[in-house]
Amino acid sequence: MTSPSSGPITVAPATRAEWELVRGWAAEEGWNPGRADGDAFFAQDPDGFFLGRVDGEPVSAVSVVTYGDAYAFLGFYLVRPELRGRGLGLATWRAGLAHAGGRAVGLDGVPAQQDNYRRSGFTTAYRTARYVGEVPSPERPVAGVVPAARVDPALLAAYDSACHHAERPRFLAAWLTTPGHRALARVVDGRVTGYGVVRPCQDEARVGPLFADGPADAAALLDALAEEARGFGARSIAVDMPETNPAAARLAQDRGLTPTFETARMYTAPVRPVATDRVFGVTTLELG
């Protein structure tokens, strides 16, 4: 890739194929992107991904993915390192936010950027820590955990709706069935008590979401998801756990996982409440 001149930046929607370049940028930043996330991301809002170009060369990116009429989520805010400090990021940011319209917007911000986000109207709601490590293999098969494909999709969608700020059926259908993703549910006495997904990523396999009625359900799912990760060759897992559910951190510590870095969930306006006691791991830091 050549270095662009100091010409003006143009920002336009990115295609699915073009977004693979941005996935590479995210990997270089150490964000550990999923190897096959793009199809599920674009299934939710194919118009919500933006590339900035100077002299035709991609230099910046942002995603602002909409969920219904009330909520959107911002992620992948990136500028090529050698071109930072030239205002390219701000121009890209503004173009992406325009796509949100009047919706409340959420994001997960790294500490170095949180003051900038506050100046743009975002308020911190809570913090999330990424826990990483190798979960020991269970001594016996995990009781009550089944492939998500065996569960009525409407039941999973209803469970997900209680744990996310907006309905997201298109994303969920794709996320559960993306090649390489392993999706599991826990069913007790015929009732869904949680579900989770693990997927291969650049480094550790990432678990997300991890939604469960309580610590026992979450532990059963986490153990089973870690076993699934070993099945596709990943020794370690990573899961982003919000501080709004203290039982999540206790589960991570009990399984020997170590906190590695922190983000802040921030919003521009009030959002639909969720069952915080069920959220043991967020779905992604990129799409919420």
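This note sets out, in numbered points, the main features of a predicted model.

1. The antiparallel neighbour of β11. Which strand pairs with β11 in the antiparallel sense? It is strand β6 (residues 123-133), and the pairing extends over 6 bridges. Tyr131 stands opposite Val239 in β11, and Ala129 has Met241 of β11 as its bridge partner.

2. The parallel neighbour of β11. Strand β10 (residues 205-212) runs parallel to β11 and is joined to it by 3 bridges. Here Val207 is the bridge partner of Val239 in β11. Between β10 and β11 the chain passes through helix α7 (residues 215-231), and this β-α-β crossover is right-handed. The link between β6 and β12. Strand β6 also pairs with β12, and 9 bridges join these two strands, which run antiparallel. Within this pairing, Thr124 stands opposite Met266 in β12.

3. A search of the whole structure finds 14 aromatic pairs. One of them is formed by Tyr71 and Tyr267, whose ring centres are 6.5 Å apart and whose planes meet at 50°, so the pair is tilted. Tyr71 belongs to strand β4 (residues 71-79) and Tyr267 to strand β12 (residues 258-267), so the pair ties together parts that are 196 residues apart in sequence. Are these two residues buried or exposed? Tyr71 is buried, and Tyr267 is buried as well.

4. Phe171 and Trp175 form an aromatic pair that is stacked, with 5.0 Å from centre to centre and 25° between the planes. Both residues lie in helix α6 (residues 169-177), where they are 4 residues apart, about one turn of the helix. Phe171 and Trp175 are both buried. They also belong to one aromatic cluster, together with Trp19, Phe41, Phe42, Phe49 and Phe76.

5. A charge over a ring. The charged end of Arg278 sits over the ring of Tyr159. The distance from this charged end to the centre of the ring is 4.7 Å.

6. The largest pocket. What is the volume of the largest pocket? The value is about 740 Å³. The lining of this pocket is made by 33 residues, of which Trp31, Tyr77, Val110, Gln113 and Tyr117 lie nearest its centre. The elements that give two or more residues to the lining are β4, α3 (88-98), β5 (104-109), α4 (114-119) and β12. Strand β4 gives the most, with 6 residues.

7. The largest cavity. The search of the whole structure finds 1 cavity of 30 Å³ or more. The largest cavity has a volume of about 50 Å³. Its lining consists of Trp19, Glu20, Arg23, Pro33, Gly34, Asp37, Gly38, Phe41 and Phe76. Helices α1 (19-28) and α2 (38-44) are the elements that give two or more residues to this lining. Helix α1 gives the most, with 3 residues. Trp19, Phe41 and Phe76 line the cavity and are also members of the aromatic cluster described in point 6.

8. A glycine in β4. Gly75 lies in strand β4. Gly75 has a relative accessible area of 7%, and a residue counts as buried under 20%, so Gly75 is buried. In sequence, Gly75 and Asn116 are 41 residues apart, and in space they are 14 Å apart, C-alpha to C-alpha.

Key:
Residues numbered from 1 in each chain as written. Predicted model: local features only at pLDDT ≥ 70, side-chain atom pairs only at ≥ 80, totals over all residues. Heavy atoms only, no water. Phe/Tyr/Trp six-rings, centres within 6.5 Å; stacked < 30°, edge-to-face > 60°. Buried < 20%, exposed > 50% of the residue type's maximum accessible area, 1.4 Å probe, protein only. Lys NZ or Arg CZ within 6 Å of the ring centre and 35° of its normal. Pairing = 2+ DSSP bridges. Right-handed = clockwise from strand over helix to strand, strands pointing away. 1 Å grid on protein atoms, 1.4 Å probe; cavity = no way out; pocket = protein on both sides within 12 Å on 5 of 7 lines; lining within 4 Å. Points joined across faces, edges and corners; volume = space filled by probe spheres on them.
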